[in-house]
Amino acid sequence: MQYYGNSTKPGANVPFNLGLVRNVDKRNIIASIDTIVKNWLDNMPENQAANWAMENHDNPRTPTKFSPEMVPLFTALKLSLPGIEITYYGSEIGMENTYVRPDQSQDPNNEGGMMSDRSRDDERCPMQWDSSINAGFTKGKPWLPVNPNYYKLNVESQKKIPNSNYNFYKKMSQLRKTDTLKYGDLHTYNITKSIYILKRSLLERESYIVVMNFGSETETVILSNIMKSPTEELYVYLGSENSAYNTGSIVSTVPSTGNPVVLRPQSVVVLTDKYIAPETPTVNIQNAGTQIGSTLISLLSVLLLLRYFL
């Protein structure tokens, strides 16, 4: 915090906030996240901007440190907080640490001190662009090895999946262009040891509520018991792949209607009081054509058999 400087000795405009990178306690994840967020916002010098990161080049990546399902939760968290969002390459798609053999290591000092036996190369391996050789990073020999999962975990493959980590990140980034996220108030709700909620609101603008289940069990959330909700019904702006929520779905904030927020373990949903049209399911034309062709062949086969026996 001191790197911001003061009125007589100005410092850095964006001193890296590594709280979410280093200080999230797996044993008490909600309380530690809430403490990290509030400590930075409450102690930041006046007229300065906060900044948020969830990964960097010195610490294990999120899927390795927690689980692959946790990626959208931390993405939604840092992209909905006020201030500057910092993305370490590969976190958009949920890249994992790579095993680097000792003879492949390039980190000269490792972590130094008490952690000198741990190389930081595992979180520094090449960006996974596509399924071609070396993940499309280079046609030569990369400085560090590519993660073997590059054939399935890469940018190009995730572009084609509507609810992939890449598209989740993209849609959350688009949300940051709204007046509500640029200028709105922030309210945090530390509900249970599993549920954490952020609410962003701005007068005469739509509100956004981010509901995150960091736990290992399905949780039901009655929002009217937690906060003053703008309406009795909210629309789903975005849900993680495992949330079972689609864009445009409607949830209730009160218990009487019987459609509250129900979140699977380690999933997230972003809600708004602004109308969101339901997404039309995309149809793979090639697959659809194949299915129709197979159906016609099956029908012709049945007709030929009937004609033969009759």
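Helices (H or I, at least four residues) and strands (E, at least two) are DSSP runs, numbered from the N terminus. By this assignment the chain holds eight helices and ten strands. The model is predicted: local features need pLDDT of at least 70, side-chain atom pairs count only at pLDDT 80 or more, and totals for chains, interfaces and linings use all residues. Residues are numbered from 1 along each chain as its sequence is written, and side-chain values use heavy atoms, with hydrogens and water left out.

**Figure 1. Helix α2 and its surroundings.** Helix α2 (residues 29–43) comprises 15 residues and reaches 21 Å from its first C-alpha to its last, close to the 21 Å expected at 1.5 Å a residue; the expected span is 1.5 Å times one less than the number of residues. Its buried residues are I29, I30, S32, I33, D34, I36, V37 and W40, where buried means under 20% relative accessible area, exposed over 50% and partly exposed in between (1.4 Å probe, protein chains only). The cover over these residues includes α1 (19–22), β1 (51–53), α4 (71–80), β3 (185–190) and β4 (195–201).

**Figure 2. Helix α4, an enclosed element.** Ten of the ten residues of α4 are buried, so the helix is largely enclosed by the rest of the structure. The buried set consists of V71, P72, L73, F74, T75, A76, L77, K78, L79 and S80. Across the chain of 310 residues, 46% count as buried.

**Figure 3. The largest pocket and P68.** The largest pocket has a volume of about 420 Å³. Of its 18 lining residues, P68, I93, Q158, N165 and E241 are the closest to the centre. On a 1 Å grid over the protein atoms alone, a pocket is an open set of points where a 1.4 Å probe fits, with protein on both sides within 12 Å along at least five of seven lines; lining residues have an atom within 4 Å of a point. Grid points are joined across faces, edges and corners, and the volume is the space filled by probe spheres set on the points. The lining has six nonpolar, eight polar and four charged residues, with Ala, Val, Leu, Ile, Met, Phe, Trp, Tyr, Cys and Pro counted as nonpolar, Asp, Glu, Lys and Arg as charged, and the others, Gly among them, as polar. P68 is found in the loop between α3 (62–65) and α4, and is partly exposed, with a relative accessible area of 40%. Leaving aside neighbours within four places in sequence, P68 is in contact (heavy atoms within 4.5 Å) with P63 and E96.

**Figure 4. Antiparallel strand pairs.** Two strands pair if DSSP finds at least two bridges between them. β3 and β4 pair in the antiparallel sense over six bridges, and a hairpin of four residues joins the two strands. Within this pair, D185 stands opposite S201 in β4. Strand β7 (residues 233–239) is mostly covered, six of its seven residues being buried. Three bridges join β7 to the antiparallel strand β8 (residues 250–252), and four join β7 to β10 (residues 267–272), also in the antiparallel sense. Y235 stands opposite I250 in β8, and has T272 as its bridge partner in β10.

**Figure 5. Two residues with positive phi.** Most residues other than glycine have a negative phi. A135, in the loop between β2 (84–86) and α5 (155–159), has a positive phi near 60 degrees and counts as buried at 0% relative accessibility. E204, in the loop between β4 and β5 (208–213), has a positive phi of about 65 degrees and counts as exposed at 70% relative accessibility.
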